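Me: I am new to this structure. Please take me through it, and tell me what each term rests on.

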Amino acid sequence: MEKRTINPWTWQKERSYHQAVEVKHASGTLYVSGQTAIDDEGISSDADMKTQLELAIKNLERVVTEAGYDCKNIVRLNIYTTSTEALWPHFNILQEWVEKKGMQQALTLLEVVSLFETLTVELEATVVK
């Protein structure tokens, strides 16, 4: 597999993403449903944004690895949140995770009116190998 990032500007580096990611010669593509702070019993968290973000990342990692893929090959990450204001103070958690995994991904962040039950953040990904 070959990956190439496209960045006409440099400002997105501070936000831990790329404007576009081209993938050639992939042997598989995994489309991961939005992962949230739901525990192993299917119970939605009512914790704060930081705790929910950490659990959503953990759940995303679990799905990706159990499918036989690697988080470093996430090429598209969509973030849905009920409050960008509440997410921003914890955005560094996501940035540190992206750096630790060596990810090069396109990213979209959307504030939405609501998510399922008590959830405040959801991560949706496309992964290649």
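Predicted model: local features only at pLDDT ≥ 70, side-chain atom pairs only at ≥ 80, totals over all residues.

Me: What makes strand 4 and strand 5 a pair?
Reply: Two strands pair if DSSP finds at least two bridges between them. Strand 4 and strand 5 have six bridges, in the parallel sense. Therefore they count as a pair. The strands and helices themselves are DSSP runs, numbered from the N terminus: helices are H or I with at least four residues, strands are E with at least two.

Me: How do you know that strand 4 pairs with strand 6?
Reply: Seven bridges join strand 4 and strand 6, in the antiparallel sense. R76 has T126 as its bridge partner in strand 6. L77 has A125.

Me: Why are strand 3 and strand 5 called edge strands?
Reply: The open sheet holds four strands in the order 3-6-4-5, with mixed pairing. Strand 3 and strand 5 (106–111) each pair on one side only. From one strand to the next, the twist averages 10 degrees.

Me: Why is Q35 called buried?
Reply: Buried means under 20% relative accessible area, exposed over 50%, and partly exposed in between, with a 1.4 Å probe and protein chains only. Q35 has 15% relative accessibility, so Q35 counts as buried. Q35 sits in strand 3 (residues 29–35).

Me: Which residues does Q35 contact, beyond its neighbours within four places in sequence?
Reply: Contact means heavy atoms within 4.5 Å. On that basis Q35 touches A56, N59, L60, V63, V121, E122 and L123.

Me: What makes strand 4 mostly covered?
Reply: Seven of its eight residues are buried.

Me: How do you know that the buried residues of helix 3 are on the same side?
Reply: The buried residues are F91, I93, L94, W97 and V98. They cover an arc of only 160 degrees around the axis, so they lie on the same side of helix 3. The arc is that of the directions from the helix axis to the C-beta atoms. The face turned away from the buried side carries the exposed residues E96, E99 and K100.

Me: What do the buried residues of helix 3 pack against?
Reply: They pack against helix 1, strand 4, helix 2 (84–87) and strand 5. Leaving aside its neighbours within four places in sequence, L94 is in contact with L53, I57, L77, I79 and L107.

Me: What makes a set of residues a nonpolar core?
Reply: The members are buried Ala, Val, Leu, Ile, Met, Phe, Trp, Tyr and Cys residues, joined through side-chain atoms within 4.5 Å. The largest one here has 26 residues. Those that touch the most other members are L60, I74, L77, I79, L94, W97 and V127. Helix 1 gives the most to this core, with six residues.

Methods: Residues numbered from 1 in each chain as written. Heavy atoms only, no water. Axes fitted to C-alpha atoms, helices over the stretch in contact; angles between N-to-C directions.
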